[in-house]
Amino acid sequence: MTLHLTFDKYIYLHQYFNSLGEAYGKEGLLEKCGACFKRAEKIYRVVPGESHPFYRDVFMPLYNKYVKIASAVMELSKY
């Protein structure tokens with residue numbers, strides 16, 4: 001089954017996962033934070049696309065901030 005979403009629904013989904021990811025990150029719920037940002041990244045890779053300035057200049061720095069920090073903290077917590 002293929003799910004077809006309109007542009008505005010893609011944007012809504014991104015905003016949902018992005019906001020939720022930030023909230024989880026600020027509360028220290030790092031696994032959930034990473035999962036939300038990874039879902040948002042999959043959406044944004046398609047709409048508006050990897051070559052779009054918003055994806056490169058706005059979203060990816062935020063993604064890298066939260067996902068890389070969350071991954072590093074989770075890895076350190078294993079020790």
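## Contacts along the chain

In this predicted model, contacts between residues 24 or more positions apart make up 52% of the protein's contacts with a separation of 6 or more.

## Helices and surface

The protein contains 3 helices and 0 strands. Following the sequence, the pattern reads α-α-α.

Of its 79 residues, 30% count as buried. The accessible surface of the protein is about 5,600 Å², and carbon and sulfur atoms contribute 59% of that area.

## Glu41

Glu41 lies in helix α2, which covers residues 30-49. Is Glu41 buried or exposed? Its relative accessibility is 9%, and buried means under 20%, so Glu41 counts as buried.

Leaving aside residues up to four places away in sequence, Glu41 touches Tyr55, Phe59, Met60 and Tyr63.

## Cysteines

How many disulfides does the protein have? The count is 0. Cys33 is in no disulfide, and the nearest cysteine sulfur, that of Cys36, is 7.5 Å away.

Cys33 is buried, with a relative accessible area of 0%. Cys36 counts as buried because its relative accessibility is 5%.

Note on methods. Residues numbered from 1 in each chain as written. Predicted model: local features only at pLDDT ≥ 70, side-chain atom pairs only at ≥ 80, totals over all residues. Heavy atoms only, no water. Helix = DSSP H or I, 4+ residues; strand = E, 2+ residues; numbered from the N terminus. Buried < 20%, exposed > 50% of the residue type's maximum accessible area, 1.4 Å probe, protein only. Contact = heavy atoms within 4.5 Å. Areas by Shrake-Rupley, 256 points an atom, 1.4 Å probe, with all protein chains shown as cover. Disulfide = S-S within 2.5 Å.
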